[in-house]
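Biologist: Hi! Could you walk me through this one?
Modeller: Happy to, here it is.

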Amino acid sequence: MNITLNGKNIEIAQYNTLNDFFSSLKEEGSALQVPKQFAVALNGNFVPREQYDKSSLQEGDELELLVPMQGG
Amino acid sequence: MWKIADREVNSRLLIGSALYPSPDIMCKAIRASQSDIVTVSLRRQTFDGTAGEQFWNLLKELNINILPNTAGCHSAKEAITTAQMARELFNTNWIKLEVIGDDYSLQPDPFALLEATQELCAQGFEVFPYCTDDFVLCEKLLAAGCRILMPWGAPIGTGKGLMNPYALKQLRQRLPEATLIVDAGIGAPSHASQAMELGYDAVLLNTAVASSNKPIAMGEAMGLAVQAGRLAYEAGIIQEQETARPSTPTLGTPFWHQDSTP
């Protein structure tokens with residue numbers, strides 16, 4: 001299926017949960033390197049860490065994976 | 001020491017972490033400023049980098065209070081989601097709430113800012129709203145649950161200093177209980193001092209230090225300027241006078257001056 005990850009359209013396999021998807025990103029050659037510290041929004045809504053096991057991805061979902069960055 | 005929200009800190013300077021020539025200079029400039037609070041942001045993890053992780057490690061090294069921002073948000077919904085993500089990522093309920101209403105001046109959108117503030121305060125955030133110096137807006141932000149207000153000195157990154165000292169002075173006088181921080185527009189140490197002389201509790205700046213030719217030296221200068229301004233405010237600045245008054249005592253003036261007296 002296709003999703004948008006950080007503004008980029010990517011094709012991914014079917015995963016049962018967000019946790020499964022993030023685990024796949026840790027594999028070599030993945031679309032994006034999953035950092036140690038990150039926070040997630042799915043379709044514009046924040047997904048708390050404890051919900052990763054209860055949330056799944058659907059076709060056309062927009063996933064944002066944000067990391068710490070410099071700011072003013 | 002002074003208290004900001006529920007934490008005690010030494011410095012009255014809050015400093016940004018962006019725009020420095022290098023991560024090393026950023027760390028040295030922040031340390032030189034003696035600031036206890038650094039602002040940070042959240043951005044997308046890039047597809048080819050580990051910048052987020054490197055920055056995270058630098059923050060751990062600095063070991064000071066972190067104030068995440070919602071920079072770049074243009075709606076209450078975006079700002080609320082970003083704040084929720086920041087709370088989890090940085091493990092703090094502090095949020096510098098920015099909701100931009102005009103891309104030209106980077107002026108905050110007062111309506112969306114108030115809407116986001118109401119929601120985030122209800123969710124237990126300590127909201128540091130980046131706002132204008134509009135008294136009515138500031139009053140409504142306090143009513144929504146803010147203890148801290150951060151009116152702009154001038155548009156972000158302009159370095160113009162305090163564009164409307166009258167309005168800032170009025171805010172200080174009319175909102176004596178609020179923690180007031182001038183945020184944005186500071187260019188020179190004298191601007192930071194001026195804000196502190198008005199009785200502001202602190203100053204937040206970034207570009208003035210990071211884009212200076214010598215950010216480490218400028219960081220130190222800003223820290224000292226904030227200290228000087230606060231000391232002057234506490235000491236009490238004299239009232240301006242329209243006419244000259246001799247500072248040297250006139251009693252005992254030597255005889256040769258007496259001839260010239262009409």
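Modeller: Let's start at Gly199(B): just after helix 7 of chain B, this residue has a positive phi of about 100°. Helices here are DSSP runs of H or I with at least four residues, strands are E runs of at least two, and both are numbered from the N terminus. This is a predicted model, in which local features need pLDDT of at least 70, side-chain atom pairs count only at pLDDT 80 or more, and totals for chains, interfaces and linings use all residues. Residues are numbered from 1 along each chain as written, chains are lettered from A and ligands numbered from 1 in the order written, and side-chain values use heavy atoms, without hydrogens and water.

Biologist: Which residues of helix 7 of chain B are buried?
Modeller: In helix 7 (residues 189-197) of chain B, they are His191(B), Ala192(B), Ser193(B), Ala195(B) and Met196(B). Buried means under 20% relative accessible area, exposed over 50%, and partly exposed in between (1.4 Å probe, protein chains only).

Biologist: And what covers them?
Modeller: The cover includes strand 11 (179-183), strand 12 (202-205) and helix 9 (215-235) of chain B.

Biologist: New topic: where is Asn213(B)?
Modeller: Asn213(B) sits in the loop between helix 8 (207-210) and helix 9 of chain B.

Biologist: Buried or exposed, that Asn213(B)?
Modeller: Asn213(B) is exposed, at a relative accessible area of 80%.

Technical notes. Contact means heavy atoms within 4.5 Å.
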